[in-house]
Amino acid sequence: VQLQASGGGLVQAGASLSLSCVASGPLTFSTLNMAWFRQAPGKEREFVSGIDWSGERTYYGDFAKGRFTISRDNAKNTVYLQMNSLKPEDTSVYYCASDPYIIGGFQGFSRVDEWTYWGQGTLVTVSS
């Protein structure tokens, strides 16, 4: 599975940004669980949000709740991350990830080592 993330950029605090991740490859997109992680310089990669293959279950890191929304469009092989009320501490490289087998609800989705396929990342910079 190849993942291509896009939509990053430089915005001011309080602004919104929408990230997209298009998947391609031999696996059917509608069978893939999808997630967004982020990694700031010098920090570990952290879970942002995840959505299961059906789109019925979504998960968020604490900092993302109420500000970020994950969604997917299986017809377009795309997962989205709508980010509102951005803060300077949201500055990171955002990565999308996919895997057909994630179990354990939030605990499983939030583990970096559960995900098999990763995109190249898109940089989000939020200025104060």
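**Aromatic rings and a charged neighbour**

The charged end of R45 sits over the ring of Y95, at 3.8 Å from the centre of that ring. R45 also lies over the face of W118, where the distance to the ring centre is 4.8 Å. This is a predicted model, and a search of the whole structure finds seven aromatic pairs in it.

**The pair F37 and F47**
- The ring centres of F37 and F47 are 5.5 Å apart and their planes stand at 70°, which is over 60 degrees, so the pair counts as edge-to-face.
- Because F37 belongs to strand β4 (residues 33–39) and F47 to strand β5 (residues 46–51), this pair ties together parts that are ten residues apart in sequence.
- Both F37 and F47 are buried.

**The pair F37 and W118**
- The rings of F37 and W118 have centres 5.1 Å apart and planes at 55°, so this pair is described as tilted.
- Distant parts of the chain are linked by this pair, since F37 is in strand β4 while W118 is in strand β10 (residues 117–118), 81 residues apart.
- F37 has a relative accessible area of 0% and is therefore buried, whereas W118, with a relative accessible area of 26%, is partly exposed.

- One aromatic cluster is formed by F37, F47, Y59, F106, F109, W115 and W118.
- W118, a member of this cluster, is also the residue whose ring face has R45 lying over it.

Notes: Residues are numbered from 1 along each chain as its sequence is written. This is a predicted model: local features need pLDDT of at least 70, side-chain atom pairs count only at pLDDT 80 or more; totals for chains, interfaces and linings use all residues. Side-chain values use heavy atoms; hydrogens and water are left out. Rings of Phe, Tyr and Trp (its six-membered ring) pair if their centres lie within 6.5 Å; planes under 30 degrees apart count as stacked, over 60 as edge-to-face and the rest as tilted. Helices (H or I, at least four residues) and strands (E, at least two) are DSSP runs, numbered from the N terminus. Buried means under 20% relative accessible area, exposed over 50%, partly exposed in between (1.4 Å probe, protein chains only). A charge sits over a ring if NZ of Lys or CZ of Arg is within 6 Å of the ring centre and within 35 degrees of the ring normal.
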